[in-house]
Amino acid sequence: MVRCVRVPKREGEQVRSKLFAEGMLDLGARIRSDGDCLLIPVLCESYPGYEIMDADLDVQEQRSTDYREVAEVPEDLRDDLPSSFDVVGDVAMIKLPDELKPYASQIGDALLKVNRSIRIVFEDHGVKGEFRIRDLERIAGEGTSETVHREFGVRLYTDPARVYFNPRLSSERARIAGLVTEGETVIDMFGGVAPFGTVMCRLAHPKVVYSIDLNPDAEHFARMNAERNHISNLHPMTGDSSNLVYGLPMANRIIMNLPQIADRFLPIALERLEHGGTIHMYKIIEREDFPPFLERLVSDAASDGHDISIEYSELKTYSPTMSVYSLDIKKA
Ligand SMILES: C[S@@+](CC[C@H](N)C(=O)[O-])C[C@H]1O[C@@H](n2cnc3c(N)ncnc32)[C@H](O)[C@@H]1O
């Protein structure tokens, strides 16, 4: 039997919310109907204006939302379970330390159990090669790794096993879209499935966005993203951007998301950028090396005849000593 308060149905929600706010709602039992009243389980002995009684209420099952609580792994390894993992659309990808690899399928099952929006789980063996593609191994769930990721009302079709895609850059994509003024010509030199271009074309009004990638699968998904989001001014292209940019109009804005080596392409980008334009470059670097790196960018640009100024922010920590920086490089 559970202590509960008997409330006319029309007042039910108001009383339930008040009890919840006061910490008096018993979350261990389920509210049930009793004629034209509701029986709401409570933790108090009386409630002014309403009848208190004992009733037989069903137990409310508490569903965990943390896969670490339900994963069937030895107790001494539970603390080693990763606290974070990536989700792209309905695909989850998790990196596992060596000691947890024998329990990969149990970990995948736990992720599926607590996250109803996840369809399939992969162990993520890291990003590899020139195309920066993740090496993925299915550990639970059904189907393929092809999926649709939604951000800011935009549908991004992708396949994390065939093309690089980073769901954690959504705020950065929105930030850059917010900087785009009407009629700009934009080039994304390392465009992937064109998440920057697609979000930008939906949230802003560039004249045209060229999204280049070496990986032909990137162009396939970028075209799909343009089409399914009803965009006609996004032009995906396959090839080496250091060559292809010379066949394109000069840009007002250039995106360079190849954080290991993007700076090697900076002289080319500066050459193809209009005066007054901006380059958004990402860089992974040792934190202590970042100030001299900035100085070198400015002096190298000056030797090529470009007057640049740089604003930057530290996007995230990459390792104990390294960070990913976002640089807005303006050409005077
Ligand atoms: C880190 S990913 C970024 C993809 C995309 N901008 C995003 O945010 O999802 C870098 C991409 O650059 C592509 N890439 C590498 N070298 C390139 C080059 N020389 N020209 C064009 N694309 C290149 C890779 O295939 C990869 O898709």
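Reply: Start with the covered residues of helix H5: Pro195, Phe196, Gly197, Thr198, Val199, Met200 and Cys201 are buried. Buried means under 20% relative accessible area, exposed means over 50%, and partly exposed lies in between, with a 1.4 Å probe and protein chains only. H5 spans residues 195–203, and seven of its nine residues are buried, so the helix is mostly covered. Helices here are DSSP runs of H or I with at least four residues, strands are runs of E with at least two, and both are numbered from the N terminus.

A word on the source. This is a predicted model, where local features need pLDDT of at least 70, side-chain atom pairs count only at pLDDT 80 or more, and totals for chains, interfaces and linings use all residues. Residues are numbered from 1 along each chain as its sequence is written, and side-chain values use heavy atoms, with hydrogens and water left out.

Now the partner of H5. Two packed helices are described by the angle between their axes and the distance between the axes. The axes of H4 and H5 come within 9 Å and cross at roughly 45°. Axes are lines fitted to C-alpha atoms, for helices over the stretch in contact, and angles run from 0 to 180 degrees between N-to-C directions. H4 and H5 are therefore oblique to each other. The scale is this: under 35 degrees is roughly parallel, over 145 roughly antiparallel, 65 to 115 roughly perpendicular, and the rest oblique. The crossing of H4 past H5 is right-handed. That word applies if the near helix is turned clockwise from the far one by less than a right angle, and left-handed if anticlockwise.

Which residues meet? H4 brings Glu172, Arg173, Ile176 and Ala177, and H5 brings Pro195, Phe196, Val199, Met200 and Leu203. Contact means heavy atoms within 4.5 Å. The residues of this contact divide into seven nonpolar, no polar and two charged. Nonpolar covers Ala, Val, Leu, Ile, Met, Phe, Trp, Tyr, Cys and Pro; charged covers Asp, Glu, Lys and Arg; the others, Gly among them, are polar.

Arg168 and Asp86 join their side chains in a salt bridge, 2.6 Å from N to O. Arg168 sits in the loop between strand E10 (154–158) and helix H4 (170–179), while Asp86 is in strand E5 (residues 86–88), so the pair links distant parts of the chain, 82 residues apart. A salt bridge is a side-chain nitrogen of Lys or Arg within 4 Å of a carboxyl oxygen of Asp or Glu. By this rule the count is 25. Arg168 is partly exposed at 47% relative accessible area, whereas Asp86 is buried at 12%.

Arg162 and Asp217 pair at 3.2 Å, N to O. Arg162 lies in the loop between E10 and H4, and Asp217 in helix H6 (residues 216–228), 55 residues apart. Arg162 has 29% relative accessible area and is partly exposed. Asp217, at 27%, is partly exposed too.

Arg223 and Glu219 meet at 2.9 Å, N to O. Both lie in H6, four residues apart, about one turn of the helix. Arg223 is partly exposed at 44%, and Glu219 is buried at 18%. Elsewhere, salt bridges that share partners join Asp86, Asp124, Arg134 and Arg168 into one network.
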